[in-house]
Amino acid sequence: MPTTSPGPARSHVTPATPAVTATPAVTATPHLLDNPAWASLSGPHAAFAVRAGAHAARYDPDVAVFSAIADPADARSWDGLHSLAGPGGIVSLSGVLTPPPGWDTVWSAQGVQLVDTSLRAEPAPEAVRLGTADVPEVLELIELTKPGPFLPRTIELGTYLGIRHRGRLVAMAGERLRPPGWTEISAVCTHPDFRGRGLATRLVRAVAAGIRDRGDVPFLHTAAENTRAVRLYESIGFTVRHRPFFLAFRAPGGADDESATQI
């Protein structure tokens, strides 16, 4: 889920979340951004969902790698996830998760979730809308810059904008997860030969302008170790909200080999 490329640290607050007065008898309702893939697959991205009952879902494997469960504390969620993965299958999740016995952690990484609190969103006149015909070139740029997973149909998840130099795609950014009321900015990347020119920042502002136009709030993820990206995002108007883990688990019952299918 992390994305790279676009400060002074700001307080880690949750914008747009009403204050909750905690009492021993009251539990705050979880925020949609605590489980954004589930909120997306259960809402605006339902058409891309492959479901296992009411408790587990994943994106179509040509669209995105993410799986999601309704409640990590509910055994039915893990049972549904197992049926989606198959024995020995690998699933990608986010959050603070402790799987049931038999699930193996394949990898984990600390991430940072940031939300728009004061971003100056504006169109980028030089940006062009990217479509399915651009996917081969997009995948080349993704492979070179490695901002995070991008699959042949990821571009269907939302608006993707690019900047070209003499016809060559040199920078891009777009929309990925869509919990109701929110849209994730993702695949923010710039060709190494064109870094330092502010292209990624202009694209982030332009993608955010489209998100705001439909009434959503932009947010994004990056790797916690990418402190440069975190500082840059903070400097242009994002605030750290949450520090989730990105994880991959191997489902019980399969051979421990490299042939397992990632979903």
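Guide: Start with an open sheet of 3 strands, in the order 1-2-3, with antiparallel pairing. Helices (H or I, at least four residues) and strands (E, at least two) are DSSP runs numbered from the N terminus, and two strands pair if DSSP finds at least two bridges between them. The model is predicted, so local features need pLDDT of at least 70 and side-chain atom pairs count only at pLDDT 80 or more, while totals for chains, interfaces and linings use all residues. Residues are numbered from 1 along each chain as its sequence is written, and side-chain values use heavy atoms, leaving out hydrogens and water.

Strand 1 (49–52) and strand 3 (67–69) are the edges, each pairing on one side only. From one strand to the next, the twist averages 20°; axes are lines fitted to C-alpha atoms, for helices over the stretch in contact, and angles run from 0 to 180 degrees between N-to-C directions. Strand 2 (residues 56–59) is joined to strand 3 by 3 bridges, and the two run antiparallel. A56 has I69 of strand 3 as its bridge partner. Strands of a sheet pair through backbone hydrogen bonds, either parallel or antiparallel.

Helix 2 (residues 75–85) lies across strand 1, strand 2 and strand 3, at about 40° to strand 2. Contact here means heavy atoms within 4.5 Å.

Now the packing elsewhere. The largest nonpolar core has 28 residues, and L114, I185, V188, L203, V204, Y233 and F238 touch the most other members. A nonpolar core is a set of buried Ala, Val, Leu, Ile, Met, Phe, Trp, Tyr and Cys residues joined through side-chain atoms within 4.5 Å. Buried means under 20% relative accessible area, exposed over 50%, and partly exposed in between (1.4 Å probe, protein chains only). Helix 4 gives this core its largest share, 8 residues. Another core, of 18 residues, lies apart from it and includes L33, A57, A68 and L177.

The buried residues of helix 5 are A229, V230, Y233 and E234. They are on the same side of helix 5 because they cover an arc of only 135° around the axis, the arc being that of the directions from the helix axis to the C-beta atoms. Their cover includes strand 5, strand 9, helix 4, strand 10 (217–223) and strand 11. Just after helix 5, G237 has a positive phi of about 120°.
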